[in-house]
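Please read them with the sequence and the 3D view open.

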Amino acid sequence: MAKPRGAPYEYTEAEDKSIRLGLFLIVSGVVALFVLGFCWLSPALRELQGQAARCTVLSVQQPGELFECTFSCGAACRGTALYPCLQVYVSHSASAARALLHHDEHQLLANPKCSFIPPCARENQKNSEIVAHWQEYWKEEVGSQPFTCYFNQHLSRNVGRESQNCFLHSVLHC
């Protein structure tokens, strides 16, 4: 005699334990994810994120150092060129100290001595012109007008020569 279609299926004791174990593991994983996210990861991300500050340009200079960059002119064409270092020093509301301005954390890590790294062109003269344009922009257009920048104490400690660094863009948005 066949079972009626609507009759409930009864699990064996082993199947019942397996289902409970599976549900327990899923719930434990979700709870662990929340604990990890809120108790460990969130403070670590907050530590990396810079705090907003008001910056004012103090000086814009080219110290005369040249740095190498790599350009690409096709699939099999690569080379190196030179660009001059541009340093933009600012004062910011997060601290009274003078700070070297960087576009973002990537630029700080690529060259901690310079505020601006141009897109690398094949000709050194072209790189110099791009840097001169940005030097003019920071001197004439921005000048002493306050602007928003981001300050991160934790990254500043790791930089050799400069005591503090500011960023134009926030490193992480949470």
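1. Start with R98 and Y89. The charged end of R98 sits over the ring of Y89, at 3.7 Å from the ring centre. Keep in mind throughout that this is a predicted model.

2. The overall layout comes next. The protein chain has four helices and seven strands. Following the sequence, the order of elements is α-β-β-β-β-β-α-α-β-α-β. Of the contacts between residues at least 6 apart in sequence, 64% join residues at least 24 apart.

3. How much of the chain is buried? Of its 174 residues, 29% count as buried.

4. The largest nonpolar core has 15 residues. Within it, V57, V88, V90, L101, W138 and F147 touch the most other members. Two or more residues come from each of β1 (51-61), β4 (87-92), β5 (95-102), α3 (124-142) and β6 (147-151). Strand β1 gives the largest share, four residues. Another core, of seven residues, lies apart from this one, and F67, F71, Y83 and C85 are among its members.

5. The structure holds five aromatic pairs. One of them joins F116 and W134, with 5.3 Å centre to centre and 40 degrees between the planes, and it is a tilted pair. F116 is in the loop between α2 (105-110) and α3, while W134 is in helix α3, and the two are 18 residues apart. Are these two residues buried or exposed? F116 has a relative accessible area of 15%, so it counts as buried. W134 is at 29%, so it counts as partly exposed; the cut-off for buried is under 20%.

6. W138 and F147 form another aromatic pair, also described as tilted, with 5.4 Å centre to centre and 55 degrees between the planes. Both W138 and F147 are buried. Which residues do ring pairs link into a cluster? The members are F116, W134, Y137, W138 and F147.

7. Q107 lies in helix α2. Its relative accessibility is 9%, so Q107 is buried. Setting aside neighbours within four places in sequence, Q107 is in contact with H102, S115, F116 and I117. F116 is the residue that pairs with W134 in point 5.

8. The other glutamine, Q135, is in helix α3. At 15% relative accessibility, Q135 is also buried, because the cut-off is under 20%. What does the side chain of Q135 make a polar contact with? It is the side chain of Q62, at 2.7 Å. Beyond its neighbours within four places in sequence, Q135 is in contact with V60, Q61, Q62 and L86.

9. R78 is in strand β3 (residues 78-84). With a relative accessible area of 62%, R78 is exposed, because exposed means over 50%. Even so, R78 touches T70, F71, S72 and C73, leaving out residues up to four places away in sequence. One of these, F71, belongs to the core of seven residues. How far apart are the C-alpha atoms of R78 and R122? They are separated by 9.2 Å, and the residues are 44 apart along the chain.

10. Last, look at Y11, in the segment before α1 (13-48). At 52% relative accessibility, Y11 counts as exposed, since the cut-off is over 50%. Not counting residues up to four places away in sequence, Y11 touches D16 and I19.

Note on methods:
Residues are numbered from 1 along each chain as its sequence is written. This is a predicted model: local features need pLDDT of at least 70, side-chain atom pairs count only at pLDDT 80 or more; totals for chains, interfaces and linings use all residues. Side-chain values use heavy atoms; hydrogens and water are left out. A nonpolar core is a set of buried Ala, Val, Leu, Ile, Met, Phe, Trp, Tyr and Cys residues joined through side-chain atoms within 4.5 Å. Buried means under 20% relative accessible area, exposed over 50%, partly exposed in between (1.4 Å probe, protein chains only). Contact means heavy atoms within 4.5 Å. Rings of Phe, Tyr and Trp (its six-membered ring) pair if their centres lie within 6.5 Å; planes under 30 degrees apart count as stacked, over 60 as edge-to-face and the rest as tilted. A charge sits over a ring if NZ of Lys or CZ of Arg is within 6 Å of the ring centre and within 35 degrees of the ring normal. A polar contact is a pair of N or O atoms within 3.5 Å; within protein, one must be able to donate a hydrogen and the other to accept it, and residues adjacent in sequence count only if both atoms are side-chain atoms.
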